[in-house]
Amino acid sequence: MAVRPVLTIQDERLYQVSEPVKKFDKGLRDLVRDMFESMAEEGGVGLAAVQIGVLKRVLVIDLVEKGFIKGAFINPHLIEASDEMQEGEEGCLSVPGLSAELKRPRWVKIGYQDLSGNHKIVEGEMLLARAFLHEMDHLDGKVFVDQLEPSIHKLLAGDIDRIKHGLPVEHAVEPRYRNKKKTA
Ligand SMILES: [Zn+2]
């Protein structure tokens with residue numbers, strides 16, 4: 001059992017594409033356990049393996065307190081997303097101190113494998129859909145702050161730059177963009 005440090009966006013690994021999981025063995029189960037522990041330690045609701053430095057296509061989500069699910073999703077891929085979008089604020093354990101509005105589809109259908117390698121499908125809406133999309137972006141080397149609308153990104157550019165250089169945010173921005181909740 002081990003809590004592993006969560007990388008921040010100053011770490012280049014967060015911009016790399018993670019590799020598919022091929023072995024459904026004890027190593028994978030240990031990784032998932034460490035991911036759940038590391039996520040809980042940080043108070044997050046989702047975590048991608050790359051965030052603890054493992055470039056494998058694995059994500060965990062724990063949204064039980066919000067009325068959704070808890071689980072580990074191996075090699076997840078998007079099957080379908082709604083045209084209807086949701087507005088909402090998003091945060092990330094790898095971008096400490098910042099959150100910002102980001103439009104995402106309201107509903108998604110995800111294909112994935114469980115810890116034994118069985119192929120499964122899960123659907124999610126609202127916060128769960130947002131968490132899946134946020135975490136799957138991590139697996140493709142994408143971080144939410146790089147997907148913001150230009151006007152919002154411009155407002156936060158100084159703070160994003162500070163985090164990329166390992167400095168704390170200055171909170172020079174409006175309170176609404178401060179970290180109120182951690183998504184993942
Ligand atoms: Zn994240």
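Let's start with Phe 144, which touches Glu 90, Gly 91, Cys 92, Val 95, Leu 98, Ser 99, Ala 100, Leu 102, Arg 104 and His 134, leaving aside residues up to four places away in sequence; a contact here means heavy atoms within 4.5 Å. Bear in mind that this is a predicted model, where local features need pLDDT of at least 70, side-chain atom pairs count only at pLDDT 80 or more, and totals for chains, interfaces and linings use all residues. Numbering runs from 1 along each chain as its sequence is written, and side-chain values use heavy atoms, with hydrogens and water left out.

Phe 144 is also one of the residues touching the most other members of the largest nonpolar core, a group of 35 that includes Ile 9 and Val 95. Such a core is a set of buried Ala, Val, Leu, Ile, Met, Phe, Trp, Tyr and Cys residues joined through side-chain atoms within 4.5 Å, and buried means under 20% relative accessible area (1.4 Å probe, protein chains only).

| Element | Residues |
|---|---|
| α3 | 150-164 |

Helices (H or I, at least four residues) and strands (E, at least two) are DSSP runs, numbered from the N terminus. α2 gives the most to this core, seven residues.

Now for α3. A kink of about 55 degrees is centred on Leu 156; the bend is the angle between axes fitted to the seven residues ending there and the seven starting there. Leu 156 is also among the buried residues of α3, along with Ile 152 and Ile 160. What covers the buried residues of this helix includes β6 (99-101). Just after α3, Gly 166 has a positive phi of about 80 degrees.

Technical notes
The expected span of a helix is 1.5 Å times one less than its number of residues. Buried means under 20% relative accessible area, exposed over 50%, partly exposed in between (1.4 Å probe, protein chains only).
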